[in-house]
Amino acid sequence: MKRPDYRGDAELVARVDQRSTEALALLREIARDFAPAVFASSLGVEDMVLTDLIAREQLPIGIFTLDTGRLPEETYTLLDTTRRHFGLPVAVHFPQREALEAWVDEHGINAFYDSVEQRRACCRLRKVEPLGRALAGAKAWITGQRTEQSVTRAGLALREDDAAHGIAKFNPLTAWSEREVWAYVQLHEVPYNALHDRFYPSIGCAPCTRAVSAGEDVRAGRWWWENAEVRECGLHPGSHAANSADVSPISPGNKTR
């Protein structure tokens, strides 16, 4: 996938500079007023922008990621690249082995295809529970969510109160467009996941992520067998309110897409 060269677009570059200034001001405020603050990185392109901003300012914000055990190889490669490129530690949190093994023994390794309930149960074990441990002791956490990403993130605020964890939650890139994100990556030569160049704008676990087609929203490849209104994993509980029964069946041939 060949991306446009955004660096020659003076208007876009100026807008990205302004967006960056605003995001840095917010990150400085978080580091100052909400210490200890942490950044939850999925190693997606938005998260790489935030990592670059944190590294450039050497902000005292801890960075962590969640290893679900089912991530694509390209994501693990980027994790190593991130540590080397930025010279920053990235903590990795894993699911609780005993709970995950018990669930797989009872339901099967790919039970998340069977229903929204089973998929969310898998996400709780692999993502939500480790997130809770990663946020323990923090006063605020930062995400790379953007309003433009999907219908489940419409109206995303710059700051939220995370009642589930009892801390503040910040989304510094909420108003950024996809063009602005990629322009920043080009301007600052930020490393990113190789899957982004293979039509994977949003990357999660390998069996739950596919490439998207022209015209689809950037998260259409996540849990693609479900209706768009329920495609969240539970890390951001305010992002979806649809009925769990709203799920479209998939055929066995689609499960490996």
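These are my notebook entries on one protein chain, read from a predicted model.

**Entry: overall make-up**

I began with the secondary structure. I found 6 helices and 6 strands in the protein chain. Following the sequence, I noted the order α-β-α-β-α-β-α-α-β-β-β-α. The protein chain has 257 residues, and 51% of them count as buried. I then looked up the accessible surface of the protein chain, which comes to about 11800 Å². Carbon and sulfur atoms hold 51% of that surface. I also checked contacts between residues at least 6 apart in sequence: 69% of these join residues at least 24 apart.

**Entry: the nonpolar cores**

Which residues have the most contacts inside the largest nonpolar core? I listed Leu27, Ile30, Val49, Leu53, Ile61, Ile142 and Phe170, in a core of 39 residues. On the helix side I wrote down α1 (10-33), α2 (45-57), α3 (73-86) and α6 (178-188). On the strand side I wrote down β1 (37-40), β2 (61-66), β4 (140-142) and β6 (167-170). The most comes from α1, which gives 8 residues to this core.

I picked out Val49 for its neighbours. Leaving aside residues up to four places away in sequence, Val49 touches Leu173, Trp176, Val181, Tyr184 and Val185.

**Entry: Ile54**

I went on to Ile54, which sits in helix α2. Is Ile54 buried or exposed? Its relative accessible area is 2%, and buried means under 20%, so Ile54 is buried. With residues up to four places away in sequence left out, Ile54 touches Leu27, Phe39, Leu59, Ile61 and Ile63. I also took one distance: the C-alpha atoms of Ile54 and Arg28 are 8.9 Å apart, while 26 residues separate the two along the chain.

**Entry: α1 against α6**

At what angle do α1 and α6 pack? I noted about 90°, with the two axes 10 Å apart. Angles of 65 to 115 degrees count as roughly perpendicular, and α1 and α6 are therefore roughly perpendicular to each other. From α1, the residues in the contact are Leu12, Val13, Arg15, Val16, Arg19 and Ser20. From α6, they are Arg179, Glu180, Ala183, Tyr184 and Leu187. Sorted by class, I have 6 nonpolar, 1 polar and 4 charged residues in this contact.

**Entry: backbone points to look at again**

I kept one general point in mind here: most residues other than glycine have a negative phi, and most peptide bonds are trans.

Where is the cis peptide bond that I noted? It runs from Ala35 to Pro36, with omega near 0°. Pro36 is placed in the loop between α1 and β1.

Gln58 has a phi near 50°, a positive value in a residue other than glycine. I located Gln58 in the loop between α2 and β2. Gln58 is exposed, with a relative accessible area of 71%.

Phe199 also went into the notebook, with a phi near 70°, which is positive in a residue other than glycine. Phe199 lies in the segment after α6. I looked up its accessibility as well: at 45% relative accessibility, Phe199 counts as partly exposed.

Conventions: Residues numbered from 1 in each chain as written. Predicted model: local features only at pLDDT ≥ 70, side-chain atom pairs only at ≥ 80, totals over all residues. Heavy atoms only, no water. Helix = DSSP H or I, 4+ residues; strand = E, 2+ residues; numbered from the N terminus. Buried < 20%, exposed > 50% of the residue type's maximum accessible area, 1.4 Å probe, protein only. Contact = heavy atoms within 4.5 Å. Areas by Shrake-Rupley, 256 points an atom, 1.4 Å probe, with all protein chains shown as cover. Core = buried A, V, L, I, M, F, W, Y, C linked by side-chain atoms within 4.5 Å. Axes fitted to C-alpha atoms, helices over the stretch in contact; angles between N-to-C directions. Parallel < 35°, antiparallel > 145°, perpendicular 65-115°, else oblique. Nonpolar A, V, L, I, M, F, W, Y, C, P; charged D, E, K, R; others polar.
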